[in-house]
Amino acid sequence: MVLLRAVLTPGLRGVLHYTGTRSSSSGTLQIKDPLNFWCGGRVNLKDVKAKSEPVYEPATGRVLCQLQACGATEVDAAVRSASAAFTVWSKLAGMERARVMIEAARLIEKRREEIAEMEVVNNGKSITEARLDVDSARLCIEYFAGHATTLSGQHVQLAGGSFAYTRREPLGVCVGIGAWNYPFQIAAWKSAPAIACGNSMVFKPSPVTPVTAVLLAEIYSQAGAPEGLYNVVQGGEETGSLLCHHPSVAKVSFTGSVPTGKKIMEMASRGVKPVTLELGGKSPLIIFEDTDLENAVRGALMANFLSQGQVCSNGTRVFVQRSIVPQFLKEVVRRTKAILIGDPLLEETRMGALVSKPHLDKVLGYVNQAKKEGARVLCGGEPFIPTNPKLKDGYYMTPCVLDGCTDDMTCVKEEIFGPVMSVLPFDTEDEVLRRANDSSLGLAAGVFTKDVKRAHRVIENLQAGSCFINNYNITPVEVPFGGYKASGIGRENGQVTIEFYSQLKTVVVEMGDVDSLF
Ligand SMILES: NC(=O)C1=CN([C@@H]2O[C@H](COP(=O)(O)OP(=O)(O)OC[C@H]3O[C@@H](n4cnc5c(N)ncnc54)[C@H](O)[C@@H]3O)[C@@H](O)[C@H]2O)C=CC1
Ligand SMILES: C[N+](C)(C)CCCC(=O)O
């Protein structure tokens, strides 16, 4: 229980002891409604010969629905819809925007189970985790609803009674481009600060997980948002680049891989558009010998196995001080082996399916490569076939702990994005800091120790944007989240995010005569 309290900020209500009736089970849900959404409703592209591609249910491997990808005409229609909404929404008082957002949060709470189920069916993560993601989305909208009422500028007195003031103004139409690991949560983390500031949004989910972003669109709409405030366009790279290049788009906020992040930045730079980039990581988790071992083990599991290990902030390089390596490994392996893998819609399941077959193969490939390079597999790293026959084609694997790792191994250098923990022994603080920072990435970092001074000293010297002391992967919406180095630009959540979705206008007011040099 203590373990879960840590992740599940702000509480576990209904997450672990769900007593409602499940409306579907894996392999049964059908999705027929169109997944594109603009001008206040779902849009069916059938008439325009839209490109269609299959979307899978990771738990069973069956086709869940067809995705209709948007081309230039549809992207333009969605951006126009967002532009029209912007003219209305940006003129509302913060209180009025907050009212819509609070109502949206209430609707999310009401539809929590349905949204979580959809997320599971499309993403493969366990229902327990999906509920937490929905909660985080709701909390983010509530949090930024509060901020909508506080946006304000400064008043500056100048000579002779003249003065200046600043106005915090929205940017316009913002684009959100999401990854497949937290589809609903990412949609909320991007749209909430955007609309709180008076912007509108066109959101493009990953083509792998298109089904829940459109639920958020429905919810904002039902909550009283003007038509076009939050739109969803489906598609992949081509649709994404059309959005980035669209002249009426003012900003792009992206979550995903580093190579794609770089492309987004290049495209946005042509229009001098600001970007928020939440990219990958290969984050260090440092465990000192004086730690409370029980907590450190729990932390290491939380740092590696949430969402089948498909988390950007995961602490996948686990540095353990040499004297405690044997006890640490024994306990970590025992608990890893005990993780219940299987049907993600079942309450007791703790690890579901990876997001896709190609991704599963990629992760298993990393495990094989690690073996070839000399790492020892202490447990897991194999494909897993659940006993239930309907799950036999799902994308499951056993969570893996690698020992005997060295800093030059591929599994230690590259983001695997799967349930694979690499354990690296270390001797001294200076040494571990040097090794931990030896990465072009810097999203997150964690330290476990009972020595308060050491904890803060180590954190000060770690090159990472999102750090944890004696815990890992907790992301309350009240605090900024984001990376150093190649892990990103800008932050999501927390008060500072307002600055990334607004611009400042300075107004100088002359109260005397104009002193002209001419
Ligand atoms: N660190 C993180 O949060 C994430 C890392 N990844 C890593 O990246 C690998 C590839 O996964 P993908 O889903 O292909 O990630 P990706 O970064 O290529 O895709 C993320 C989003 O960007 C869109 N996109 C792709 N190319 C684009 C372009 N040229 N212009 C505009 N939008 C574009 C995609 O359609 C998707 O919505 C994964 O195997 C994983 O290792 C994936 C998702 C999240
Ligand atoms: C909430 N958390 C920390 C598990 C994940 C947040 C960011 C992400 O991977 O998209």
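This is a predicted model: local features need pLDDT of at least 70, side-chain atom pairs count only at pLDDT 80 or more; totals for chains, interfaces and linings use all residues.

Modeller: Start with strand β15, residues 400-403, and strand β16, residues 420-426. The two pair in the parallel sense over three bridges. Strands of a sheet pair through backbone hydrogen bonds, either parallel or antiparallel.

Now widen the view. β15 and β16 belong to an open sheet of seven strands, in the order β14-β15-β16-β13-β12-β18-β19. The pairing in this sheet is mixed. At the edges are β14 (376-379) and β19 (466-469), and each of these pairs on one side only. On average, neighbouring strands of the sheet are turned by 20° against each other, direction ignored. A helix packs on this sheet: α15, residues 452-461. Helix α15 touches β12 (284-287), β18 (444-448) and β19. The direction of α15 makes about 165° with that of β19.

For contrast in pairing, go to β3 (residues 51-56) and β4 (63-69). These strands run antiparallel and are joined by six bridges. Val55 stands opposite Cys65 in β4. Together β3 and β4 form a hairpin, with six residues between them. In the turn, Gly61 has a positive phi of about 80°. Strand β4 is largely enclosed by the rest of the structure, because five of its seven residues are buried.

In α8 (residues 237-245), the buried residues are Thr239, Gly240, Leu243 and Cys244. Seen down the helix axis, the buried residues of α8 fall within an arc of 140°, so they line one face. An α-helix has 3.6 residues a turn, so residues three or four places apart point the same way.

Next, the interior. In soluble globular proteins, nonpolar side chains tend to be buried together. Here the largest nonpolar core has 76 residues. Ile141, Leu216 and Tyr230 have the most contacts inside it. Helix α5 (residues 127-148) gives the largest share of this core, 11 residues. Leaving aside neighbours within four places in sequence, Tyr230 is in contact with residues including Phe37, Met201, Phe203, Leu216 and Tyr220. A second, separate core has 32 residues, among them Leu364, Tyr395, Ile416 and Ala464.

One residue carries a label from a record. UniProt, in an unreviewed entry, places the feature "active site" at Glu278. Glu278 lies in strand β11. The residue is buried, because its relative accessible area is 2%, under the 20% cut-off. Not counting residues up to four places away in sequence, Glu278 touches, among them, Phe254, Leu443, Phe481, Arg491 and Glu492.

Most residues other than glycine have a negative phi, and most peptide bonds are trans. Val272 has a positive phi, near 50°. Val272 sits in the loop between α9 and β11 (275-278). At 75% relative accessibility, Val272 counts as exposed. Asn493 also has a positive phi, near 65°. The loop between β21 (488-489) and α16 (497-500) holds Asn493. At 0% relative accessibility, Asn493 counts as buried.

Definitions and conventions. Residues are numbered from 1 along each chain as its sequence is written. Chains are lettered from A and ligands numbered from 1 in the order in which they are written. Side-chain values use heavy atoms; hydrogens and water are left out. Two strands pair if DSSP finds at least two bridges between them. Helices (H or I, at least four residues) and strands (E, at least two) are DSSP runs, numbered from the N terminus. Axes are lines fitted to C-alpha atoms, for helices over the stretch in contact, and angles run from 0 to 180 degrees between N-to-C directions. Contact means heavy atoms within 4.5 Å. Buried means under 20% relative accessible area, exposed over 50%, partly exposed in between (1.4 Å probe, protein chains only). The arc is that of the directions from the helix axis to the C-beta atoms. A nonpolar core is a set of buried Ala, Val, Leu, Ile, Met, Phe, Trp, Tyr and Cys residues joined through side-chain atoms within 4.5 Å. UniProt positions are given in the numbering used here, feature names are shortened, and annotations may be inferred rather than shown by experiment.
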